[in-house]
Amino acid sequence: MKRVIIDTDTAGDDTIAILTALHYFKVEGVTVAGGNVDFEQEVENALYTIQVANPDYYVPVYKGYERPIMAVGEEKHVTIEDIHGKYGMGDSYFEKTEQRPEKEHAIDFIIETVKANPGEISLLAIAPLTNIAMAIKKDPTIVKDIPHLYIMGGLNHSLGNITAAAEYNFYIDPEAARIVMHSGTPITMVGWDMCKKYSVMKEEDQKEIELLGTAGSEFYMDVNRAVIRYDKKIHKLAGITHPDTLLVAIAADESIMTGSNMYYVDIEIHGELTRGYDLVDVSNFTGKTPNVRVCEEVDREKFKASLLEVLKVI
Ligand code: CA
């Protein structure tokens with residue numbers, strides 16, 4: 001089984017992505033970055049999700065950076081409780097788990113684990129890229145030891161989900177995204193445009209999931225209750241979007257990604273209107289060497305089958 005570290009801002013779809021990672025990979029650890037909701041709540045949500053999955057080995061949870069790289073002092077970034085519900089779990093409240101987060105900092109865990117297992121540990125990034133960028137800054141030699149970095153983030157010439165120009169993860173910490181994109185690590189990026197087009201579980205899909213009648217399917221419906229309302233109102237989508245889960249599913253089975261191309265990708269950090277926008281240089285106007293494999297097409301049915309497979313056995 002391939003080994004991974006998953007970096008998450010656990011709320012909503014992050015939970016299902018973690019379940020998916022625990023199903024298809026040996027998860028060395030879960031690292032938490034500031035993003036979706038209150039940081040401590042994200043940590044609790046990650047711990048709870050692991051308890052739901054109940055893997056037959058211990059999966060440690062590490063706290064990383066609570067705020068974006070350039071945040072000053074106590075400055076807060078934009079959290080999105082309106083999307084994921086008060087606790088980030090579809091307005092459901094879950095009791096605290098017995099397992100507590102580890103004492104070690106997330107980036108030290110990432111560095112040590114990657115260095116101790118060169119070429120073995122892929123990274124699954126489903127949050128603002130603060131932790132990954134800081135780990136690379138602290139020890140740039142990890143880059144050659146990371147076989148692949150899968151990123152949910154950005155857009156390929158499409159409408160953003162937090163501003164018109166930007167996708168949430170890149171918008172929250174554009175400097176981090178820029179550091180990571182230029183790090184030299186092999187990267188696959190699955191953008192919000194792909195998620196919107198291919199990852200939506202519509203009402204009939206949700207019924208199919210409910211009919212599984214497992215603890216996994218019950219958890220799925222609980223955490224997604226708030227997202228259903230939001231996706232309908234804001235994105236005009238009748239269903240649940242799965243950006244993070246799609247990313248993990250593709251990492252587990254690349255045949256789910258039926259189209260992709262290498263492009264030069266860079267992140268706007270200064271834009272007056274476009275901070276966090278990611279330039280995907282499809283026509284290679286910049287003349288720069290492509291640095292990111294960008295997902296351009298997904299086999300939706302295969303993705304859905306992978307999701308059902310995960311929820312069926314929990
Ligand atoms: Ca996330």
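A cavity is a set of grid points inside the protein where a 1.4 Å probe fits but cannot get out. Keep that idea in mind as you explore this predicted model.

Stop 1: How many cavities of 30 Å³ or more does the structure hold? There is one. The largest cavity has a volume of about 290 Å³. To find the spot, select I80, H84, N161, W192 and P243, which of the 23 lining residues lie nearest the cavity's centre.

Stop 2: Which of them gives the largest share? That is α10, with three residues. If you colour the lining by class, you will find 11 nonpolar, six polar and six charged residues.

**Stop 3: two helices side by side.** Next, select α1 (residues 13-24) and α11 (residues 243-252), whose axes come within 7 Å and cross at roughly 15°. Angles under 35 degrees count as roughly parallel, so α1 is roughly parallel to α11. The crossing in which α1 passes α11 is right-handed.

**Stop 4: where they touch.** Show the side chains on both helices. From α1, the contact uses D13, D14, I16, A17, T20, A21 and Y24. From α11, the partners are P243, D244, T245, V248, A249 and A252. Sorted by class, this contact has eight nonpolar, two polar and three charged residues.

**Last look.** Finish on P243: this residue of α11 takes part in the contact with α1, and P243 is also among the lining residues nearest the centre of the largest cavity.

Note on methods. Residues numbered from 1 in each chain as written. Predicted model: local features only at pLDDT ≥ 70, side-chain atom pairs only at ≥ 80, totals over all residues. Heavy atoms only, no water. Axes fitted to C-alpha atoms, helices over the stretch in contact; angles between N-to-C directions. Helix = DSSP H or I, 4+ residues; strand = E, 2+ residues; numbered from the N terminus. Parallel < 35°, antiparallel > 145°, perpendicular 65-115°, else oblique. Left-handed = near helix turned anticlockwise from the far one by under 90°. Contact = heavy atoms within 4.5 Å. Nonpolar A, V, L, I, M, F, W, Y, C, P; charged D, E, K, R; others polar. 1 Å grid on protein atoms, 1.4 Å probe; cavity = no way out; pocket = protein on both sides within 12 Å on 5 of 7 lines; lining within 4 Å. Points joined across faces, edges and corners; volume = space filled by probe spheres on them.
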